[in-house]
Amino acid sequence: MASRFFLFFLVSFISLSSSSFALIDVEAASIARRQLLVDNGEYDQMTINMKFANARLKKAYIALQAWKKAIYSDPTNFTANWEGPSVCAYNGVFCDNALDDPNISVVAGIDLNHADIAGHLPVELGLLSDVSLIHINSNRFCGIIPKSIKNLTLLDEIDFSNNRFVGPFPDVVLELPNLKYLDLRFNNFEGLVPPALFEKNLDAIFLNNNRFHSTIPENLGNSNASVVVLANNKFFGCIPSSIGKMSNTLDELVFTNNDLSGCLPEEITKLTSLTTLDISGNKFVGSLPKDLKYMQKVEVFDIASNKFMGNVPENLCTLPKLANLTFSNNYFESLDQKCTPSHSHDLEIEGKENCLQEQPDQRTEKECLPVLSNPVDCSKGHCGFSPQGQSPKDPPKENTPSTPKKSPPKPASPKPKPPPLPTPTPSPPVASPPPPPPVASPPPPPPPVHSPPPPPVHSPPPPVASPPPPARSPPPPVASPPPPVASPPPPVHSPPPPVASPPPPVHSPPPPPPPPVASPPPPVASPPPPVHSPPPPVASPPPPVHSPPPPVASPPPPPVFSPPPPIHSPPPPVASPPPPPTFEDVALPPSLGSLYASPPPPIFQGY
């Protein structure tokens, strides 16, 4: 009895302790508002009765103490030793000699990756003027990015991924003169993406898994980036034709799961250095560009779950380095002989759910006809889109899920190896929908201070695995749309720099198909049934079949027995069937504060 009471007390204590650290959405919003009120570049004055080796370390002490006060939860006690004047001994803080004065030591880098810390960024971070990298991915920092960060003129790398930052795109990062690596994925940034981002001399741009709702700026091609990942947002419109100007720099382009539409610009074939093209899960239409043969370095070509039609050409299937070709869930009508699995032994091909008559697992003629009867002529520069993000000639949006797809791992990009660091205790298990695997961006070495930035990284970041779109299930007997499935958004795998060996990719299973609704239509051309059921009129259409189905867990409604109308009376009018219901996007699951252990981004880039 005593042992059971002790166990109950222990469980209750743990539950209360965990909930006491939770940071709810209202509190996070309040923090953001307070930050906006005080983010004027002014710092609180502190009286410090300590001796420091130099004035720069004293400024770093003020910044780090302010940051520690802005922390609400530190379950692994990562910042427990942030006390006293020896700031270079603090966990996650790295010092090096200043380049402008090799006789003094300064704070050159901050790395709090995977510490599971909840809090916000104080304005005093602007005092860390010698820092050239800040890595705080896989924590629970919230609020906004303070404007004082513009004082970090040596900052070369920003990794704020997998936190709870909010607000519009943080324009302040574009004021950093030496910035090369920008990682804002897995946050709650929203609104427009500024054109100035693509005028910045960046090597890597990661904006995936936010809430950006914007067209892709027309000056996209002005960027020097080798990796551009905009997946899992709400970008709409066309891919700008200026993308052709990135021919010598762009290695990976990942636009998966947005609302992009129109035809692919012919200029995309000028990307002769491209190794990965993933534009799956959008609303692209028309035929493929003609000159794909020039994309000689492409290894992954994924255009699944769009509305492409026409032919899958031989000049695509015979590219010398192509290892994975995925064009499932489109409306292609023909396939060159060398694009069939039997003629491509070294090439993984996925082409289900198209309109290829002689291939297995294809769409029905009924599904193909509405689309193929309205072809889109891409030679006329078709790039229109309706307010809903659909092209003008797009057919009605289908509610049937698409077939899952797989993309192979993509090549990893090397990052500078850091000195050995104290390893924080691993984060507690995630108690929410299955998160993507953590981003293992290792703490880079303390970079030099007051000197030109390290050379840009011109190799793509590590592997990206395309998230599986929902599985296509056969339509139920009654052509009513399946009930919405509240599944979590597909994971987007982001790249770890290769210090630790990456864990294997995680592929979430597709949601189960809805059960059939067993309500057969009444016979049309049969004589009146017995007296106990009303005979349907001979010449009248069957009752509407597009009404929403009953809840999945409940049986279909029983038949209603009413006396039949007189046999010689004219048939009663039948109401025209209502239009099929439309379903809104599934809402994201609520954030659970510290109970939600901040799912780390996956090991595969771009998702």
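Reply: A residue counts as exposed when its relative accessible area is over 50%, as buried when that area is under 20%, and as partly exposed in between. These cut-offs are needed for the pairs described below. The model is a predicted one.

A brief view of the whole chain comes before the detail. The chain has 5 helices and 23 strands. Of its 607 residues, 49% count as buried. The accessible surface comes to about 29,000 Å², and 62% of that surface belongs to carbon and sulfur atoms. Among contacts between residues at least 6 apart in sequence, 66% join residues at least 24 apart.

Side chains of opposite charge can pair when their charged atoms come close.

Arginine 56 forms a salt bridge with aspartate 100, and the closest N and O atoms are 2.6 Å apart. This pair links distant parts of the chain: arginine 56 belongs to helix α3 (residues 55–69), while aspartate 100 lies in the loop between β2 (93–97) and β3 (105–111), 44 residues apart. Arginine 56 has 24% relative accessibility and therefore counts as partly exposed. Aspartate 100 has 43% relative accessibility, so this residue also counts as partly exposed. The pair is part of a network of salt bridges in which Arg56, Asp100 and Asp130 are linked.

Helix α3 also holds a residue of the next pair. Lysine 68 forms a salt bridge with glutamate 83, with 2.8 Å between the closest N and O atoms. Because lysine 68 lies in helix α3 and glutamate 83 in the loop between β1 (71–73) and β2, the pair ties together parts that are 15 residues apart in sequence. Lysine 68, at 22% relative accessibility, counts as partly exposed. Glutamate 83 has a relative accessible area of 51% and is therefore exposed.

The side chains of arginine 140 and aspartate 116 meet in a salt bridge, at 3.0 Å from N to O. Here too distant parts of the chain are linked: arginine 140 is in strand β6 (residues 140–143) and aspartate 116 is in the loop between β3 and β4 (118–120), 24 residues apart. Arginine 140 has a relative accessible area of 2%, so this residue is buried. Aspartate 116 counts as buried as well, because its relative accessibility is 1%.

Strand β8 (residues 164–168) and strand β10 (residues 188–191) pair in the parallel sense over 3 bridges, and valine 166 has asparagine 188 in β10 as its bridge partner. Strand β10 is joined in turn by 2 bridges to strand β12 (residues 211–212), again in parallel. Glycine 191 is there the bridge partner of phenylalanine 212 in β12.

An open sheet of 5 strands with parallel pairing has the order β14-β16-β18-β20-β22. Its edges are β14 (236–237) and β22 (331–335), each with a single partner strand, so one side of each is left without a neighbour in the sheet. Within this sheet, 2 bridges join β18 (residues 283–286) to β20 (residues 307–312). Helix α5 (residues 365–372) lies across β20 and β22, running at about 100° to β22.

Terms used. Residues are numbered from 1 along each chain as its sequence is written. This is a predicted model: local features need pLDDT of at least 70, side-chain atom pairs count only at pLDDT 80 or more; totals for chains, interfaces and linings use all residues. Side-chain values use heavy atoms; hydrogens and water are left out. Two strands pair if DSSP finds at least two bridges between them. Helices (H or I, at least four residues) and strands (E, at least two) are DSSP runs, numbered from the N terminus. Contact means heavy atoms within 4.5 Å. Axes are lines fitted to C-alpha atoms, for helices over the stretch in contact, and angles run from 0 to 180 degrees between N-to-C directions. A salt bridge is a side-chain nitrogen of Lys or Arg within 4 Å of a carboxyl oxygen of Asp or Glu. Buried means under 20% relative accessible area, exposed over 50%, partly exposed in between (1.4 Å probe, protein chains only). Accessible areas come from the Shrake-Rupley method with a 1.4 Å probe; for residues, only the protein chains shown count as cover.
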